[in-house]
Amino acid sequence: FNSKIFGFITTDQGETYGNLFSSRDSIDISASITIDPSHRGKEGFIVVAAVVGNQIMLLNEKGHFIDFQPTQGSIIPAAQRKLEEVETIDIARNLVAGEFGIEEIAVDFFVGYSLKGNSERIFSNGKPFNLTIKSL
């Protein structure tokens, strides 16, 4: 497949990007997928997984992360729609980890998409982008 997937983490509306932030920073997380030309215009869905240690959570359509057990559940889509040339998804806006009692954490985000009717095949670059929160 011929897709490109990029993850973005910023605290200043996209002026700069990074992956190491303080628990007090207000963080925006998003991703962009350039859809394979043969998949454009087809019905599909976007998948966002957050992995913390051995825990996997999937972003649902309401913008909440839900625990996921690969052996027990079906894939939870973050968005379902006709796939455009470039799909952009907001993963989190104005996230302040400290407000949730989180002072330190490392999260790997995996982003991909699938075509309707073929949900067992997820197109992804297989490499996560990382967010690390430390009490700086």
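Four aromatic pairs are found in this structure, that is, 4 in total. One of them joins F8 and Y17. Keep in mind as you look around that the model is predicted.

**Aromatic pairs**

- F8 and Y17 make a tilted pair, with 5.5 Å from centre to centre and 55° between the planes.
- F8 itself is partly exposed, because its relative accessibility is 27%.
- F109 and F129 form a stacked pair, because their planes meet at 25°, under the 30 degrees cut-off for stacking; their ring centres are 5.3 Å apart.

- F109 counts as buried because its relative accessibility is 5%.
- F129 is buried too, with a relative accessibility of 15%.

**Residues with a positive phi**

- As background, most residues other than glycine have a negative phi.
- Q13 is not a glycine, yet its phi is positive, at about 55°.
- You can find Q13 in the loop between strand 1 (4–10) and strand 2 (20–22), and its relative accessible area of 68% makes it exposed.
- N94, also a residue other than glycine, has a positive phi near 55°.
- Look for N94 in strand 8 (residues 86–95); N94 counts as exposed, at 53% relative accessibility.

Notes
Residues are numbered from 1 along each chain as its sequence is written. This is a predicted model: local features need pLDDT of at least 70, side-chain atom pairs count only at pLDDT 80 or more; totals for chains, interfaces and linings use all residues. Side-chain values use heavy atoms; hydrogens and water are left out. Rings of Phe, Tyr and Trp (its six-membered ring) pair if their centres lie within 6.5 Å; planes under 30 degrees apart count as stacked, over 60 as edge-to-face and the rest as tilted. Buried means under 20% relative accessible area, exposed over 50%, partly exposed in between (1.4 Å probe, protein chains only). Helices (H or I, at least four residues) and strands (E, at least two) are DSSP runs, numbered from the N terminus.
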